[in-house]
Amino acid sequence: MIYLDFAASTPLLPSVKKELFRAFEEEYSNPSSAHKLGRISAERIERAREIIADSIGAYKSEIIFTSGASESNNLAIKGYVLANQKKGKHIITSSIEHKCILSICHFLEKEHGYAVTYIPPQKNGIIDAEEVISAMREDTVLVSLMHVNNELGSIQPIATIGQACFERDIKFHVDAAQSYKKIPIDVDELNIDMLSLSAHKIYGPKGIGALYIRDLRETRIQPVIHGAGQEYGLRGGTLATPLILGFGAAVEDQTIEDSFEEVNKINSLLRAKVIEIGGVINSPDTNYIPHILNVRLSNLDASHFVANSDFLCSQGSACSSMNIEMSYVLKEIGLNFEEGYQSLRLSFGPNTNKNNLLELLNKLKN
């Protein structure tokens, strides 16, 4: 079987596996304990926190550990807007966000009376920054956008939108699950106030993520999980020491960064070959990460291919792949029902083999 679904989840890197198994053997103490073993675990957690903070240009005191990007998104959006309702009840996002973000926004609309503006993408899957800026109002309390779309690989104009939010004193949340370690992120340069991260997208363990919150101690956030005061009182529960240390090891490992050019070559080759056999590229021609490529072939039954092929890919987001409806992202960029069902999302990793992709093309061609 050939794995081409790295945007959904990734295998553990050897360095991560080594640290993870070491930590499961040795870091069994509660890091909140006052004894020596607890203090050792707590110190190692703080080191992992520092590694993650340094990777995005933040302070370690601004990093909260969560169970993953979905929880980070919930804490960022619900936690901030519900604690700051007096500032306004208008949120701006896009119509091609991860299902998690859309679900949170629908919840806030239905249960708490928030108004949400959903900015549609352009045909290339990129949000027009000017449309976002034009939608900003006096009562806009938050803008939330993903850095890279998880089905198309399109990179959103985060810096421009972040600057506009900064000038208008609007908080800016970014879901960076797909962009982290694939393209540089500096929260100050991009004017990001909150940033969601996930370990299992960067060859770390599942069940662990992080949320960056600018000026955390001065920012009013309502906890989503109440507990005994862990994580500055914002996220209750005993810290998952082995998972956190595995996350830190994944961030330190440079495999993703070092393989960028090779992944870029694979993306370029596949783009050319798909067009050569009469296919269409749904992903944008510019402003994309090379790790994700969405393609369409007129003779392809994508759902049958995904279910029965030895090439492990998807029709869209893994969180939606069990649904029979076509991808809402592809619908939003103008594809009809039939075109949506002829489309595949292919996503690549450091060990993706060019020969395997040529084999895939022959399979698709036939």
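In which strand does Leu197 lie? Leu197 sits in strand E7, residues 194-198; helices (H or I, at least four residues) and strands (E, at least two) are DSSP runs, numbered from the N terminus. The model is a predicted one, so local features need pLDDT of at least 70 and side-chain atom pairs count only at pLDDT 80 or more, while totals for chains, interfaces and linings use all residues. Residues are numbered from 1 along each chain as its sequence is written, and side-chain values use heavy atoms, with hydrogens and water left out.

Leu197 counts as buried because its relative accessibility is 0%. On this scale, buried means under 20% relative accessible area, exposed over 50%, and partly exposed in between (1.4 Å probe, protein chains only). Setting aside neighbours within four places in sequence, the residues in contact with Leu197 are Ile52, Gly68, Ala69, Ser72, Ala176, Tyr180, Gly209, Ala210 and Phe247, where contact means heavy atoms within 4.5 Å. As for C-alpha distances, Leu197 and Tyr212 are 15 residues apart along the chain, and their C-alpha atoms are separated by 8.2 Å.

Next comes strand E5 and its partners. Seven of the seven residues of E5 are buried, so the strand is mostly covered. E5 pairs with E3 in the parallel sense over three bridges; two strands pair if DSSP finds at least two bridges between them. Within this pairing, Leu142 in E5 is the bridge partner of Ile91. E5 also pairs with E6, again in the parallel sense, over five bridges, and here Leu145 stands opposite Val174 in E6. Together with helix H6 (residues 158-168), E5 and E6 make a right-handed β-α-β unit. A crossover is right-handed if, with the strands pointing away from the viewer, the path from the first strand over the helix to the second runs clockwise.

Helix H4 covers residues 99-112, and its geometry agrees with expectation because 14 residues at 1.5 Å a residue should span 20 Å, and the end C-alpha atoms are 19 Å apart. The expected span used here is 1.5 Å times one less than the number of residues in the helix. The buried residues in H4 are Cys100, Ile101, Leu102, Ile104, Cys105 and Leu108. What covers them includes helix H3 (69-83) and helix H11 (328-332), along with strands E3 (90-94), E4 (115-119), E5 (140-146) and E6 (171-175). After H4 comes Gly113, with a positive phi near 70°.

What about the cysteines? Cys100 has a relative accessible area of 10% and is therefore buried. Cys313, at 7% relative accessibility, counts as buried too. The structure holds zero disulfides, a disulfide being a pair of cysteine sulfur atoms within 2.5 Å.

Charged pairs are another story: a search of the whole structure finds 18 salt bridges. The criterion is a side-chain nitrogen of Lys or Arg within 4 Å of a carboxyl oxygen of Asp or Glu. One of them joins Arg137 to Asp139, with the closest N and O atoms 2.9 Å apart. Arg137 is partly exposed at 39% relative accessibility, and Asp139 is partly exposed at 28%.

Glu257 and Lys181 form another salt bridge, their closest N and O atoms being 2.8 Å apart. This pair links distant parts of the chain, 76 residues apart: Glu257 is in helix H8 (residues 255-258), and Lys181 is in the loop between E6 and E7. Glu257 is partly exposed, with 30% relative accessibility, whereas Lys181 is buried at 8%.

Arg214 and Asp188 also form a salt bridge, with the closest N and O atoms 2.8 Å apart. Arg214 lies in the loop between strand E8 (209-213) and helix H7 (241-252), and Asp188 in the loop between E6 and E7, so the pair ties together parts 26 residues apart in sequence. Arg214 is buried, with a relative accessible area of 17%, while Asp188 is partly exposed at 44%.

Finally, Lys123 is found in the loop between E4 and helix H5 (129-135). With a relative accessible area of 75%, Lys123 is exposed. The C-alpha atoms of Lys123 and Thr286 are separated by 12 Å, and the two residues are 163 residues apart along the chain.
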